[in-house]
Amino acid sequence: MASFRSPTMESIQVSFVLLMKRLIRFFKLPLDRKLSVRRKPGDVSGYSGAHAHRYSSKLPWKETFSFCYHGDDDSVPLVVDYFKSVLGKDFEHTGWVYQSYCEAMKKVSLVIFELLAISLGVDRLNFRKFFEDGSSIMRCNYYPPCNNSALTLGTGPHCDPTSLTILHQDQVGGLQVFADNKWLAIRPRPDALVVNIGDTFMALSNGRYRSCLHRAVVNRESERRSLVFFVSPNEEKVVRPPTRSCLQGRAEDVPRFHLVGFVGVYAEALQS
Ligand SMILES: O=C(O)CCC(=O)C(=O)O
């Protein structure tokens, strides 16, 4: 997991404030309105409340709103269309705000893939090309204050099944990563994005990059918000380390899999 800053961060920072305000407007809607856009089992998009059934202890304490983004054709504003179709005209502007955020995050992710390729000694454009027609999921997390924070987790410990995660947390903080056998808090910074490697990139890099176990704790006094952009390859693609690269070991050691049929599992795993 790494913090990422770029010269354009100041302009993104302005929109973080706007994004967070818009997010709160959604989460403060009456429960029945939010439930009317509930995420259906096996689906990726929609509203979800507690996921208590997934944990035996330390119940998750959060609400989420998720939607898909496919960056291959921005002439069709999928995010705007989704917001309008499920939440009505009132949320059209919010849809545009999130559409722009997803477009920006997709561009940032492709630059990160170039950096990852360089760091691995692979052709610079290799991963960029692999992910250009990929699909993404944007998840907005809202953690209400919790006065029993010692017994509760916002998000349980998990690794992301996707390839790359770009996360922005508000000033409250709560994200933790497991490193050196302990949980370490990631200090929130208004001008930073947290970049997390997921399981699929671990496979693509033949284990050179490892997916990172992380979780979010809750806060006794303050509500907390985070924006999470998950990047995956197009589901038709075969996931395997680039051929003729230093990442290829013995043929039998090289991971190779297909994402088709993975969406249900994926949707479920992403609810952690
Ligand atoms: O809210 C956070 O900081 C972490 C969220 C997260 O890991 C997730 O939504 O998968």
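## Worked exercises on a predicted chain

The chain has 7 helices and 13 strands, where helices (H or I, at least four residues) and strands (E, at least two) are DSSP runs numbered from the N terminus. This is a predicted model, in which local features need pLDDT of at least 70, side-chain atom pairs count only at pLDDT 80 or more, and totals for chains, interfaces and linings use all residues. Residues are numbered from 1 along each chain as its sequence is written.

**Exercise 1.** Work out what share of the residues of the chain count as buried, and what share of the contacts between residues at least 6 apart in sequence join residues at least 24 apart.

*Solution.* Start with the cut-offs: a residue is buried if 20 or more other C-beta atoms lie within 10 Å of its own, exposed if 12 or fewer, and partly exposed in between, with C-beta atoms placed from the backbone. By that count, 34% of the 272 residues are buried. Among contacts between residues at least 6 apart in sequence, 70% join residues at least 24 apart.

**Exercise 2.** Describe how helix 3 and helix 4 pack.

*Solution.* Begin with the geometry. Helix 3 (residues 78-87) and helix 4 (residues 92-120) pack at an angle of about 150°, with their axes 8 Å apart. Here axes are lines fitted to C-alpha atoms, for helices over the stretch in contact, and angles run from 0 to 180 degrees between N-to-C directions. Helix 3 is therefore roughly antiparallel to helix 4, since angles under 35 degrees count as roughly parallel, over 145 as roughly antiparallel, 65 to 115 as roughly perpendicular and the rest as oblique.

Now look at the residues. From helix 3 come Val 79, Val 80, Tyr 82, Phe 83 and Lys 84, and they meet Glu 92, Thr 94, Gly 95, Trp 96, Tyr 98, Gln 99 and Cys 102 of helix 4. The residues of this contact divide into 7 nonpolar, 3 polar and 2 charged; Ala, Val, Leu, Ile, Met, Phe, Trp, Tyr, Cys and Pro count as nonpolar, Asp, Glu, Lys and Arg as charged, and the others, Gly among them, as polar.

**Exercise 3.** Find which strands each supply at least two residues of the shell around the ligand.

*Solution.* First list the shell, taking a residue as near if its C-beta atom, placed from the backbone, lies within 6 Å of the molecule. The residues around the ligand are Arg 139, Asn 141, Thr 155, Leu 167, Gln 169, Gly 174, Leu 175, His 214, Ala 216, Ser 226 and Val 228. Then assign them: strand 4 (135-143), strand 6 (164-169), strand 10 (214-217) and strand 11 (224-232) each give at least two. By type, the shell holds 4 nonpolar, 6 polar and 1 charged.

**Exercise 4.** Compare the loop positions of Asn 181 and Asn 206.

*Solution.* Most residues other than glycine have a negative phi. Asn 181 has a positive phi of about 65°, and Asn 206 one of about 50°. Asn 181 sits between strand 7 and strand 8 (182-185), whereas Asn 206 lies between helix 6 (199-204) and strand 10. Asn 181 is exposed, with 5 other C-beta atoms within 10 Å; Asn 206, with 19 inside 10 Å, is partly exposed.

Conventions:
Contact = placed C-beta atoms within 7 Å.
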